[in-house]
Amino acid sequence: MSVDTAGLLVALILLLPLGGSVACGLLGPRLGRRFVNLAGTLSILAAFAVAVVVLVNVIGASAGHQSTTVRMWNWIDLGSGNLSVNADFTLDPLSALMIMVITGIGFVIHVYSVGYMEHDPGIARFMSYMNFFIFSMLTLVLAADLVILIVGWALVALSSYLLIAFWYERRSAVLAARKAFITQVIGDVAMVFAAFGIFLNAHTLNLPTIFARTQAFQSGGIVITAICVLLAIGAFAKSAQFPLHTWLPDAMEGPTPVSALIHAATMVTAGVYLIARFHPLFNLAPVAQGMVALVGIGTALMAGIIALSQIDIKRVIAYSTMSQIGLMIYAVGIGAYAAGMFHFTTHAIFKALLFLAAGNVIHALRDEQDIRLMGGVAPRMRLTAFAFFFGSLALAGIPFWSGWFSKENLLGLGLTSGPGPIPWVLYLVGVGVNVLTALYAFRLYFVVFHGEPQTARVWAAKEARRVMLIPVLALAALSLIVAWPLQFPLPNTLHVFSDFLGPVFSGAPSGYATEPSLGLGFLGLALGTLASLGGAGLALRLWYEHRWEPAAVARALPQQLVRLSYNKFYFDQIYDACLGRPTRAVGRTLRRVVEPDVMDGWIRGLVNAMRGFSIDLRSYETGFIRDYAALFTVFAVIFVIVTVVVVSR
Amino acid sequence: MITTAVFPYLLGLSAFMFTLGAAGVLIRRNPLVVFMCIELMLNAGNVALVAYGRFLNSQEGQVFAFMVIVVAAAEVVVGLAIMTTIFRLGRKLDVDDLSELSE
């Protein structure tokens, strides 16, 4: 692909959503709903078309020339060898994959939100923010300069903030938005420090140059480890990983299309993309990689446990997102970058599907989100139930839905991620996550769609309109077939996907996840699949056949575990006790002591001094003209005497 | 012909007139007399200006004296107008009675 073509494509794909955002935001309130719906969705469709052109170009490029970097303009230049920031963008297999998913899923969700937001007066604002999010996310994934990447990184946090607080008259939504934004700023700060570290050592912020200069870092040294840990903190904040994960469930306060687009399919997986993009640095820092893998698999396990006991339909899906992203983070942590990106791709589809189908249910039940008050939705919303079932199958990793391919592929590679028993321990945790995933996925499906309707709202539920149904059905079809032509989770079989990304991730040192031997691969695949099927079967017994009462089973479990799960491992309470309460206490002390006595004190002292001085002065203001004349005379005489003394000296 | 020997006496005359005027402004309560005292002070200045002009062999002193005369005339016009207005309001013409500046 020539640089000129690449420049044109990058400009088009970035400016289309930005133009859509501006058009919807500025003209939308005047031109009305029809215009907003058309402009908002068509801009993303056009961007998707550009993304397809990019993908075709990248696939068609000859070996070794898949990556094209274009320089749009020079932003900051302090001379050679000094800081130079350029608006550079890269088109390579990784960014082509990302923009395909972002614009493709983004378009489907934009169409869906036309139906979901049909009664909302703020549709122009909504579409404007959504288009702006697509623009920010594309900036983030296309950036070939660390500063531009951080700009995109911060802009997606901003869009997320704006969209979580879309219904700003709800106090809980505003608080959730604030929480999400503050948590992500922690990650932003870590990213900026990582940028400092990279610049001090590699003397550039241009990503391809940094990756070409990895010899500037001592492999396994403290510097590269610190940089990678800081980058990982940025990724954890964005991807809702332990310990910066608490914002994601609260972010479900936003409209459901927002949850589907930002908090499931694209933005929260930016952390996975970041680590995959910076793989040349992470390859040099095994300690940081180990930490990333541990945090990923740990978060996957924890979120899976929490998802089992949540009662809000969107929060269950949010925790499952956290858990699945944990698996992706684990994959990039063990060096299985392509596997992580593969799970990202399938997850984006089936998780968007689950959210949109859940949105249909919420819409039909007049904004009911408590699953205990649902039940028996399936006979009234057959197509939605069917789509949600497909999403659950893919999420649970049932063969041959897309989730099975990507998850088993990822876990299988984990088997060879290093010497000794640790890979096996991590693998077994992953298998446990498989069981949990199948359990909570089908618990959600059975509790919502089967059994007896729990409220009158369910009786009145009707199938969603076509504009909301077609996107869901399209995603349902994709969630089944998307992985078939791409990748098969066995060694030496179909590997289109990892071959496509291969040029990006070439050069990973040995000792990281490699293809396992055929026997080991079969063993891993069988174990993982059995775990998923077992979990699904258990869920069937518990919540569909009611062979055992779920409540009785919960009583039989260790009560500490149940309480931990229900209270989300008490993270909100711990953070409130460790951060919130001390901060409030300091604030109160400052208010009571420092502000009145110190801050107000010196101001008040100054005021008193001035007041006393002015009272003294006032006594000279008698109003008698003769007094003024006398004063004037006295001072004139003094002036003359002083002048004479000074001059004659 | 005035010689330079007269110059100190002229300055002395000017100083005496100025002091007399200043004392009058401070002591007298009738605004008309106060005005006359101010005229006295201005004319003391004129005497000094003309004397200096002569002494330094320059025309500027006389020119400035004319300026002072013009300013004095203008000031008297304004001042007398104010006094007439105060009188019309039925107020006593006494500078100590006009003390509203303190309020």
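This is a predicted model: local features need pLDDT of at least 70, side-chain atom pairs count only at pLDDT 80 or more; totals for chains, interfaces and linings use all residues.

Trainee: What makes A:Ala352 a member of a nonpolar core?

Mentor: A core is a set of buried residues of types such as Ala and Leu, joined through C-beta atoms within 7 Å. A:Ala352 belongs to that set. Leaving aside neighbours within four places in sequence, A:Ala352 is in contact with A:Ile105, A:Ile109, A:Ala260, A:Ala264, A:Ala265 and A:Leu475. Apart from this core lies another, of five residues, including B:Ala44 and B:Leu49.

Trainee: Why are helix 6 and helix 8 of chain A called roughly antiparallel?

Mentor: Helix 6 (residues 171-202) and helix 8 (residues 222-238) of chain A pack at an angle of about 155°, with axes 7 Å apart. Angles over 145 degrees count as roughly antiparallel, so that is the label for helix 6 and helix 8 of chain A. The contact includes A:Ala190 and A:Phe193 of helix 6 of chain A, and A:Ile227 and A:Leu230 of helix 8 of chain A. By class, this contact has 14 nonpolar, six polar and two charged residues. Helix 6 of chain A also passes helix 8 of chain A in a left-handed crossing.

Trainee: And what makes helix 11 and helix 14 of chain A roughly parallel?

Mentor: The axes of helix 11 (residues 270-277) and helix 14 (residues 313-333) of chain A cross at roughly 5° and come within 9 Å. The cut-off for roughly parallel is under 35 degrees, and therefore helix 11 and helix 14 of chain A get that name. A:Gly271, A:Val272, A:Ile275 and A:Ala276 in helix 11 of chain A meet A:Ile325, A:Met328, A:Ile329 and A:Val332 in helix 14 of chain A. That contact divides into seven nonpolar, one polar and no charged residues.

Trainee: How many residues do the two chains bring to their contact?

Mentor: Eleven residues of chain B are in contact with nine of chain A. On the chain B side, six are nonpolar, two polar and three charged.

Trainee: And chain A as a whole, what is it built from?

Mentor: Chain A has 26 helices and two strands. Of its 649 residues, 51% count as buried.

Methods. Residues are numbered from 1 along each chain as its sequence is written. Chains are lettered from A and ligands numbered from 1 in the order in which they are written. Two residues are in contact if their C-beta atoms, placed from the backbone, lie within 7 Å. Ala, Val, Leu, Ile, Met, Phe, Trp, Tyr, Cys and Pro count as nonpolar, Asp, Glu, Lys and Arg as charged, and the others, Gly among them, as polar. Axes are lines fitted to C-alpha atoms, for helices over the stretch in contact, and angles run from 0 to 180 degrees between N-to-C directions. Helices (H or I, at least four residues) and strands (E, at least two) are DSSP runs, numbered from the N terminus. Angles under 35 degrees count as roughly parallel, over 145 as roughly antiparallel, 65 to 115 as roughly perpendicular and the rest as oblique. A crossing is left-handed if the near helix is turned anticlockwise from the far one by less than a right angle, and right-handed if clockwise. A residue is buried if 20 or more other C-beta atoms lie within 10 Å of its own, exposed if 12 or fewer, and partly exposed in between; C-beta atoms are placed from the backbone.
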